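Trainee: I've just opened this one. Can you walk me through it?
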Amino acid sequence: MNKRSVGVFGLLACLALAGCAEDWGPDQHGTDVTAQQLDGQWLLINYWAEWCGPCRTEIPELNALDDSHDDITVLGVNFDGLQGEELAAAAKDLGIDFRVLSLDPAERLDLPRSAVLPVTYIVDGDGKVRHQLVGEQTAEGLQEHLAKLGR
C-alpha cells in the first residue's frame, strides 16, 4: 500500500467509526435502542417510579408528546433500577407507551442523581443536556420549554 492508500483508508475508517456512536441498551421490551434511532432527535429523559404519584399523572402527557412529534423522543428511566420482566410489567401497569431504557443514561449524559421525582432532562439533537425540569410536567409546558431552547 502506498501513502495515499493508507491515508484514504485511515480517513474511511475514521468516518465509519464516527457514525457508530454507542447504543443506549435495551428498552422495556428487550429491543435495542440504537444510537442511529436517536441521532438528531431532541430527547426528553424522564425518571419515574411506581410509588411516585406525580409520575403517574404526567405519563399520559409524555405519551401524547412522544406520539405527536417525529423529532422528539421521550425515554423513560425507572428510578428504582427495575430490569427485565419487572420493568416491562411496571411500564405496562402505568400505561407507559414511550420507550423505557433498561440502562440508566446518567453517566453517558453526565446527569446528576435527583433527590425528587419526577425529573425530566431535555437533551438537544447534538446530545447536549439543555435543561432539567423537576416535578410533574404537561405536554404543553414541555413544548414551551423546547421552543425556548430553539427546537
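Predicted model: local features only at pLDDT ≥ 70, side-chain atom pairs only at ≥ 80, totals over all residues.

Trainee: OK. Where is the place of Ala-90?
Mentor: Ala-90 is in helix α4, residues 84-93.

Trainee: Buried or exposed, Ala-90?
Mentor: Buried. Its relative accessibility is 2%, and buried means under 20%.

Trainee: What is Ala-90 in contact with, leaving aside neighbours within four places in sequence?
Mentor: Trp-48, Glu-50 and Leu-82.

Trainee: And how many Å separate the C-alpha atoms of Ala-90 and Asn-78?
Mentor: 9.0 Å. Those two are 12 residues apart along the chain.

Trainee: Back to the helix. Which residues of α4 are buried?
Mentor: Leu-87, Ala-90 and Ala-91. They cover an arc of only 100 degrees around the axis, so they sit on the same side of α4.

Trainee: Which exposed residues are on the face turned away from the buried side of α4?
Mentor: That face carries Glu-85, Lys-92 and Asp-93.

Trainee: What covers the buried residues of α4?
Mentor: The cover includes three strands: β3 (42-48), β4 (72-78) and β5 (99-101).

Trainee: Switching to β3. How many of its residues are buried?
Mentor: Seven of the seven, so β3 is largely enclosed by the rest of the structure.

Trainee: Which residues are on which side?
Mentor: Trp-42, Leu-44, Asn-46 and Trp-48 are on one side. Leu-43, Ile-45 and Tyr-47 are on the other. Both faces are covered.

Trainee: Do β3 and β4 pair in the parallel or antiparallel sense?
Mentor: Parallel, over seven bridges. As an example, Ile-45 has Leu-75 in β4 as its bridge partner.

Trainee: How does the chain cross from β3 to β4?
Mentor: Through helix α3, residues 53-68. This β-α-β crossover is right-handed.

Trainee: And β6, how many bridges join it to β3?
Mentor: Five. Strand β6 covers residues 119-123, and the two strands run antiparallel.

Trainee: Which residue in β6 is the bridge partner of Asn-46?
Mentor: Thr-120.

Note on methods: Residues numbered from 1 in each chain as written. Heavy atoms only, no water. Helix = DSSP H or I, 4+ residues; strand = E, 2+ residues; numbered from the N terminus. Buried < 20%, exposed > 50% of the residue type's maximum accessible area, 1.4 Å probe, protein only. Contact = heavy atoms within 4.5 Å. Arc of directions from axis to C-beta. Pairing = 2+ DSSP bridges. Right-handed = clockwise from strand over helix to strand, strands pointing away.
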